[in-house]
Amino acid sequence: MTASKDSLHPGGEPAGGAQRVPVAARAAAIDAAQAHPPAWKSVVKRVLAVAAAGAAIYLVLPSLIAVLGAWPRLAALNPAWFTVAIAAELISFACNFGLQRLALQAQGWFAVVTAGLAGNAVTNSLPGGDAAGAAVQFRMLTTAGFDTDTAVGGLTAFSLLGVGGLLALPLFALPAILGGAAASPGLVHTALLGLAGFALYAIFGVVLLRSERPLAALGRAAQAAWNHLTRGRRPVTGLDTRLTTGRLGFDYGCLLAALHATGAGPRPSLVLLAYSAAGIIALLPLTPGGLGIVEASLSGLLILAGVRPSSALLATLAYRIASYWLPLLAGPPAYLLYRHRYGRPTPRRATPGTADRPSEGS
């Protein structure tokens, strides 16, 4: 439920990155265990997570240093195109918050945005921080008056849509490749792997939908939650799909604009393949926010897409500034603004229908 997205900055995804089904349960477990000292198994798991993150960063450290080493060349970026990149990422995050606002049936934006940014900052600051970020966001939303239990089903569905959309992105690049566009064998293999992943994802979804025993209770709960959310209102159809598409599309547009800001002019279809492949790799929660992994995979894939190495490194840095570093830095101010309005977040059950009314000035 964190704001980290299922694209190149997972965890988002509330979401924001990118949130998988067990995240809500793990977030609830964090809240339940706060009053007790951690067991030795929990300590071992955390140590292993930190060790895995350290090993992953060590392996990709040369690529990370190369990308960060392009920092002095940011002044050479085209200001207009870099502004477009920032604007595209802002719209991408707006779509992500719109999905959460739709699931929460909120009338205002303040609590959704501040909790989302704070949760995203926690997610992208810790190794495997999805659960911790979700726990922070849940606590902030319940303190603001939301009944987050009714939103879990909707947010999980939106997250699954995002993952499916990411896996399906290579479909949009295939016509250009089949039409004769020159592409690196590595990118072609990436497209095929993405299509295979999308096929498996679709088959898995069909099996789950047709398997009554394990999902009967979940289906009844989701139906009850949805009926509760939409009672007395005209149902809204298709908005979740449009927002999910917009979130991915504008995030990809941010990368494309960053490339244009460096003066590069690669084929958008090949950039789309590089973007989708790096996004799938970033779903692995090895490092905070995919730090190092995204830089290494995206810059390398952009080079395969025909971008000059110097431009690939600079464009990757510009994209990560817009999609990772700026949202991360926005987390603490968002939390302080939230504290000013609602006070310290406390784990408590909210009363449905009392959250974020227009009278709050949101």
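**Figure 1. Thr-114 in helix α4 of a predicted model.** Thr-114 belongs to helix α4, which covers residues 110-123; helices (H or I, at least four residues) and strands (E, at least two) are DSSP runs, numbered from the N terminus. The model is predicted: local features need pLDDT of at least 70, side-chain atom pairs count only at pLDDT 80 or more, and totals for chains, interfaces and linings use all residues. Residues are numbered from 1 along each chain as its sequence is written, and side-chain values use heavy atoms, with hydrogens and water left out.

**Figure 2. Surroundings of Thr-114.** With a relative accessible area of 5%, Thr-114 is buried (under 20% relative accessible area; exposed is over 50%, partly exposed in between; 1.4 Å probe, protein chains only). Its side chain reaches the backbone oxygen of Ala-111 at 3.3 Å. Neighbours within four places in sequence aside, Thr-114 is in contact (heavy atoms within 4.5 Å) with Met-140, Ala-334 and Tyr-338.

**Figure 3. Helix α5, residues 130-143.** At 1.5 Å a residue, the 14 residues of α5 should span 20 Å, and the end C-alpha atoms are 20 Å apart, which agrees; the expected span is 1.5 Å times one less than the number of residues. Because 13 of its 14 residues are buried, α5 is largely enclosed by the rest of the structure. Just after α5, Gly-145 takes a positive phi of about 110°.

**Figure 4. The protein as a whole.** The protein has 13 helices and zero strands. Of its 362 residues, 48% are buried.

Conventions. A polar contact is a pair of N or O atoms within 3.5 Å; within protein, one must be able to donate a hydrogen and the other to accept it, and residues adjacent in sequence count only if both atoms are side-chain atoms.
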